[in-house]
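Colleague: Please put the model up, and then I will ask about its helices and its aromatic rings.

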Amino acid sequence: MNIRTARFLIVACAFNFALGSAVNAADPVRSLQNFLNGRQCHAGTADGAWRQKTENAARLFTQASNIEIARPITENLLKQLELTSVTCPLVLPQNPVRAEQFRLESEHSVRAPLKLDGGIERFRLLPGQCKAGPKAKTIQAIGLTNDCSRNRQRSEMKTTKKVRHGARRIYSWDILVPTDFRSTASDDHLIVGQFHSGFAPSSTFSLSQDTGYFVNGRTCFGPEGFGEWHSVVVRVFWHSQRKKNLKDKTPGVFEVWCGGKLIWDRSGRPNVAKGDGISFKYGLYHAKDFPDDDNVTVQFKNVAVTKW
C-alpha cells in the first residue's frame, strides 16, 4: 500500500465516522425509536417526533432495564442502551380489537370439541379413527397425502381467514392438560396448536406426557403443570422482508409468552413467505393408532386473535 492510498483510506474512514456521528447527533430521537422498536417496545414510526408512543416505549424500557431515558437524548445514552440485552415485557392492548373468528377444521376433524361451562372446549381423540376429507383424491393426485394415509387424525379449530404480510396479531389462549393425560403412541408427535402456511406448519405447539407443553423445543410447562390452567400469548408482526446478512434485523416479530414470561423469540427475521397466508389452529393432531388406555385429551378457553 503506498502513502497516497493510505492517506485516502484514513480520510475516508474519518469522513464515515463523522457522518455517522452527525446522523446520530442530528436525529437522536429517531435513533432511539429505531432502538426501542428493535427491543419490542413499540415506539411507533421512527420519524424523529417525540409522541405518546415514544414516551410509553421509553418508560417501559426504563422499567425493564433501570436505565433512565430522558430528554435530551444523547449519543452516550444511545451507546449505553445498545450495550444491554433487555427487551420490553409483553403489554396487551387495553381495548383489543378482535380480528379473527374460528370454525371447526371440518374436512379432516373426526369430531368437534365438547363445549363445557365457562367457554371451555374439551378436545379428545380415540384410537383407530381418521378422516381423509372430501378433497382426498385431488390431494393424492398431486402427490400429497391425507390424514388417513399418514396414520394421523385430528380434532381442530382454525381461523376463518388467513392473514398475510403486514398483519399485526396477538394470539392468546388458556390451556389445561388433565392430570390423567396419557399418550404412548409409537408415533407420539402430538400437536396441540400450529401456525399453518401452505401445506406445512411454520410453528407448532406440542404436548408430551414426559416433556409437557412446548413450542419449537422451548418448554412452556412440564408434566408437573398438568391439571392447572396456563395462559399463552403469541405476539406476531407477520413480515416477509428478507435479511441482508446474518446480523441484519428485519421488522418481523414472533414472540411466545407463557405465564407472562417470554420463552421463545424469533423476531428480527422473516416469518411468512411473500404472498403466503397464515392460519392458526388449536386442538389435537395425533397418530391414528394408539393404545386404548391412552387419554389424549386437552382443554382450551379464552382463545382469541386480536390486533395490536
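Modeller: Buried means under 20% relative accessible area, exposed over 50%, and partly exposed in between, with a 1.4 Å probe and protein chains only. This is a predicted model, in which local features need pLDDT of at least 70, side-chain atom pairs count only at pLDDT 80 or more, and totals for chains, interfaces and linings use all residues. Residues are numbered from 1 along each chain as its sequence is written, and side-chain values use heavy atoms, with hydrogens and water left out.

Colleague: What percentage of the 308 residues is buried?

Modeller: Helices (H or I, at least four residues) and strands (E, at least two) are DSSP runs, numbered from the N terminus. On that basis the chain has 5 helices and 15 strands. Of its 308 residues, the buried share is 44%.

Colleague: How are H2 and H4 oriented to each other, roughly parallel or roughly antiparallel?

Modeller: Axes are lines fitted to C-alpha atoms, for helices over the stretch in contact, and angles run from 0 to 180 degrees between N-to-C directions. Helix H2 (residues 28-38) and helix H4 (residues 75-82) have axes that come within 10 Å and cross at roughly 10°. Angles under 35 degrees count as roughly parallel, over 145 as roughly antiparallel, 65 to 115 as roughly perpendicular and the rest as oblique. H2 and H4 are therefore roughly parallel.

Colleague: Which residues of H4 meet H2?

Modeller: Contact means heavy atoms within 4.5 Å. From H2, the residues involved are Pro-28, Ser-31, Leu-32 and Phe-35. The buried residues of H2 include Pro-28, Ser-31, Leu-32 and Phe-35. On the H4 side, the residues are Leu-78, Leu-81 and Glu-82.

Colleague: Which kind of aromatic pair do Trp-173 and Phe-205 form, stacked or edge-to-face?

Modeller: Rings of Phe, Tyr and Trp (its six-membered ring) pair if their centres lie within 6.5 Å; planes under 30 degrees apart count as stacked, over 60 as edge-to-face and the rest as tilted. The count by this rule is 20 aromatic pairs. For Trp-173 and Phe-205 the centres are 5.2 Å apart and the planes are at 85°, so the pair is edge-to-face.

Colleague: How many residues apart are Trp-173 and Phe-205?

Modeller: Trp-173 lies in strand E6 (residues 168-176) and Phe-205 in strand E8 (residues 200-208). The pair links distant parts of the chain, and the separation is 32 residues.

Colleague: What is the angle between the planes of Phe-205 and Tyr-213?

Modeller: Both Phe-205 and Tyr-213 are buried. Their rings form a stacked pair, 5.9 Å centre to centre, and the angle between the planes is 20°.
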